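Here are my notes on the model, written as I went through it.

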Amino acid sequence: MTDNTPPFDQLVFSGGGLRCLWQGGFLDVVRDEIGLDPKRITGVSGGALSACCFIVRRGPQMRDRMCDAFAKNDSNVAWDSFDEDGITPHQRLYRDCVEDVLDIEAQQQIADGPPFHILIGHPPLSGLPKLSGTAATLAYEAELHTVASPHFNWAEKIGLDSTRVDARKAAREGRLVDLVTAAAVIPPVFEPPLWEGRPVIDGGMADQAPMPEPDEGSTLILLTRHYSGLSPVPGRTYLEPSEPCQVDKIDFTDPDKLRETWSCGEADGRSYLETLNQT
């Protein structure tokens, strides 16, 4: 859904777990062709990692690292390591990939890059983070299908709130990997970690496309699924995959679907450029 064309002042990365590989493929084709150099960036959930990879130009490297890791993982249940990883291997595998690709050099680039914020969520009951986080997940899924928009207004009603974290500051403090991995926590699959002493869950439950602050100029918002209830907003360009992404957002067992999702992003990027050339 598009109402304006480049250049864009702001760039927003929606959540969607592994579906965010679509964003990487799209931008790999588009960014240099349209001179994409945003003044402000925000990301949420898996989009936080996509945003980092965009800034340091390591999207293809992250794709390949994940494919290698998932090729060695044949189950989404950690049968042999319940005590270490909870019931799934997701947090360990995700963190391993993030640590490898977002190394010290990459973190320095992010620290020196454009203003960049990551949205994290906080469960309604801090004393029972996994239980209340799971309840929030269920409420989020219901809201998602009812409102059919990336922007929600239900979170405060159940006590879920969110924090915008300065990712550049986190990078300077050596905490960027902790922030990016915390941003993608989905109860009950993941164990809620702490950030500044507060339990963290996926910020996408509060807003799947958090706008930058200040919100100024034209904005490109990269979604990872179709929202039938999304209405045009002046100054915003919402782009989405042309077809449902092949990969499930938390299936860590199928590298081929990761590559297919990235390739879909590349194809949609080429189509987008063709559309611009026709205008």
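1. D100 comes out as partly exposed, since its relative accessible area is 43%. Keep in mind that this is a predicted model. The partner of D100 is R65: the two form a salt bridge, with 2.7 Å between the closest N and O atoms. R65 sits in helix 3 and D100 in helix 5 (residues 90–101), so the bridge ties together parts that are 35 residues apart in sequence. R65 is partly exposed too, at a relative accessible area of 24%.

2. How many salt bridges does a search of the whole structure find? The count is 15. Some of them join up: K169, E173, R175 and E196 are linked in a network of salt bridges. On accessibility, K169 is at 40% and counts as partly exposed. E173 is likewise partly exposed at 40%, and R175 is partly exposed with a relative accessible area of 23%.

3. Now the rings. Searching the whole structure gives 3 aromatic pairs. One of them is W22 with F26, a stacked pair with 5.3 Å centre to centre and 25° between the planes. Both residues belong to helix 1 (residues 21–34) and are 4 residues apart, about one turn of the helix. W22 and F26 are both buried.

4. F26 has a second ring partner, Y272: their centres are 5.6 Å apart and the planes make an angle of 50°, so this pair is tilted. Here distant parts of the chain are linked, with F26 in helix 1 and Y272 in helix 10 (residues 255–277), 246 residues apart. F26 is buried at 2% relative accessibility, and Y272 is buried at 9%. Put together, ring pairs link W22, F26 and Y272 into a cluster.

5. L273 is another residue of helix 10, and at 15% relative accessibility L273 counts as buried. Which residues does L273 touch, leaving aside its neighbours within four places in sequence? The contacts are V29, V30, E33 and I34. Take V30: L273 is 243 residues away from V30 in sequence, but their C-alpha atoms are 7.1 Å apart in space.

6. Helix 10 as a whole: its 23 residues reach 34 Å from first C-alpha to last, close to the 33 Å expected at 1.5 Å a residue. Its buried residues include P255, W262, D268, Y272 and L276. What do the buried residues of helix 10 pack against? They pack against helix 1, helix 3 (59–71) and strand 9 (236–239). At the start of helix 10, D254 has a side-chain oxygen that reaches to within 3.2 Å of the backbone nitrogen of D256.

7. Last item, two arginines over rings. R31 has its charged end over the ring of F54, 3.8 Å from the ring centre. For R225, the charged end sits over the ring of Y227, and the distance to the centre is 4.7 Å.

Terms used: Residues numbered from 1 in each chain as written. Predicted model: local features only at pLDDT ≥ 70, side-chain atom pairs only at ≥ 80, totals over all residues. Heavy atoms only, no water. Phe/Tyr/Trp six-rings, centres within 6.5 Å; stacked < 30°, edge-to-face > 60°. Helix = DSSP H or I, 4+ residues; strand = E, 2+ residues; numbered from the N terminus. Buried < 20%, exposed > 50% of the residue type's maximum accessible area, 1.4 Å probe, protein only. Lys NZ or Arg CZ within 6 Å of the ring centre and 35° of its normal. Contact = heavy atoms within 4.5 Å. Expected span 1.5 Å × (residues − 1). Polar contact = N/O pair within 3.5 Å; in protein donor to acceptor, adjacent residues only side chain to side chain. Salt bridge = Lys/Arg side-chain N within 4 Å of Asp/Glu carboxyl O.
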